[in-house]
Amino acid sequence: MKKKSILILTLLVLISLVAGTIYKRPVTLTQLCPEIELTSCKNIIAYYSVDKTGELIRIAFPSGSEEFDLLMEQIQHQEFRKSLKNMFPAGTKMHRWSEGDFTWELILEFDDPIPTKDGNTASGMLIHLKNFFGDLTIYNMIGDQEIRCHTKEQQQWA
């Protein structure tokens with residue numbers, strides 16, 4: 001009986017490790033949001049804040065601009081790893097501001113209607129990438145997903 005218990009426990013640990021490795025494998029934004037074709041993005045809106053007032057500054061990058069192309073290239077090629085935090089409710093986030101802190105959000109806007117799972121279509125602000133003082137979250141509005149994740153060299157990428 002003792003050998004069976006040890007064998008079952010070992011098997012459960014092994015299965016958990018394999019499942020965790022598969023879950024946390026690096027994937028692109030296209031793989032995280034397969035129903036949305038990134039090449040149909042028409043506008044990127046950026047909000048950022050670099051001081052303790054928390055006032056967000058807005059910048060828009062229309063399709064075809066140099067900044068838009070640079071951002072899209074970085075977004076399309078970046079690989080994200082899902083966090084195990086996704087298994088728990090998100091809750092409220094707080095941050096005590098200190099010198100050098102910053103937060104940003106990128107919103108990808110789509111003009112063309114994109115089919116949803118329920119047979120409808122959607123357009124507008126469909127993907128949000130939010131860096132909340134180092135915590136990266138991707139919101140997929142069509143898939144109704146909030147994906148907490150991280151990237152390789154996240155501080156530098158952010």
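Modeller: Two strands are said to pair if DSSP finds at least two bridges between them. Helices (H or I, at least four residues) and strands (E, at least two) are DSSP runs, numbered from the N terminus. The model is a predicted one, in which local features need pLDDT of at least 70 and side-chain atom pairs count only at pLDDT 80 or more, while totals for chains, interfaces and linings use all residues. Residues are numbered from 1 along each chain as its sequence is written, and side-chain values use heavy atoms, with hydrogens and water left out.

Colleague: In what pattern do the helices and strands follow along the sequence?

Modeller: The protein has 4 helices and 8 strands. Read from one end of the sequence to the other, these elements give α-β-α-β-β-α-β-β-β-β-β-α.

Colleague: What is the order of the strands in the sheet?

Modeller: The sheet is open and has 8 strands, with antiparallel pairing. Its edge strands are β1 (27-28) and β3 (57-62), each of which pairs on one side only. The strand order is β1-β4-β8-β7-β6-β5-β2-β3.

Colleague: How many bridges join β2 to β5?

Modeller: Strand β2 covers residues 41-49 and strand β5 residues 103-115, and the two run antiparallel. Along this pairing, Asn43 stands opposite Glu109, Ile44 faces Leu108, and Tyr47 has Glu105 as its bridge partner. The number of bridges joining β2 to β5 is 8.

Colleague: Which residue of β3 stands opposite Tyr48?

Modeller: β2 also pairs with β3, in the antiparallel sense and over 6 bridges. In that pairing, the β3 residue opposite Tyr48 is Ile57.

Colleague: Which residue in the turn between β5 and β6 has a positive phi?

Modeller: β5 and strand β6 (residues 121-132) pair in the antiparallel sense over 9 bridges, with Leu106 bridged to Leu129 in β6. The two strands form a hairpin with 5 residues between them. The turn residue with a positive phi, of about 95°, is Gly119.

Colleague: How many residues lie between β7 and β8 in their hairpin?

Modeller: Strand β7 (residues 135-140) pairs with β8 in the antiparallel sense over 5 bridges, and Asn140 stands opposite Gln145 in β8. Asp144 in the turn has a positive phi of about 50°. The number of residues between the two strands is 4.

Colleague: Which residue of β8 stands opposite Phe80?

Modeller: Strand β8 (residues 145-151) pairs with β4 in the antiparallel sense, over 3 bridges. The β8 residue facing Phe80 is Thr151.

Colleague: What angle does the direction of helix α3 make with that of β2?

Modeller: Helix α3 (residues 66-77) packs on the sheet, touching β1, β2, β3, β4 (79-82) and β5; contact here means heavy atoms within 4.5 Å. Axes are lines fitted to C-alpha atoms, for helices over the stretch in contact, and angles run from 0 to 180 degrees between N-to-C directions. On that scale, the angle between α3 and β2 is about 90°.

Colleague: Does Arg25 count as buried, partly exposed or exposed, and why?

Modeller: Arg25 lies in the loop between α1 and β1. Leaving aside neighbours within four places in sequence, Arg25 is in contact with Phe80 and Arg81. Buried means under 20% relative accessible area, exposed over 50%, and partly exposed in between (1.4 Å probe, protein chains only). Because its relative accessibility is 47%, Arg25 counts as partly exposed.

Colleague: What distance separates the C-alpha atoms of Met87 and Arg148?

Modeller: Met87 is found in the loop between β4 and β5, and counts as exposed because its relative accessibility is 57%. Along the chain, Met87 and Arg148 are 61 residues apart. Their C-alpha atoms are separated by 9.8 Å.

Colleague: What share of the protein's residues counts as buried?

Modeller: The protein exposes about 10800 Å², of which carbon and sulfur atoms supply 57%; accessible areas come from the Shrake-Rupley method with a 1.4 Å probe, and for residues only the protein chains shown count as cover. Of the 158 residues, the buried share is 34%.
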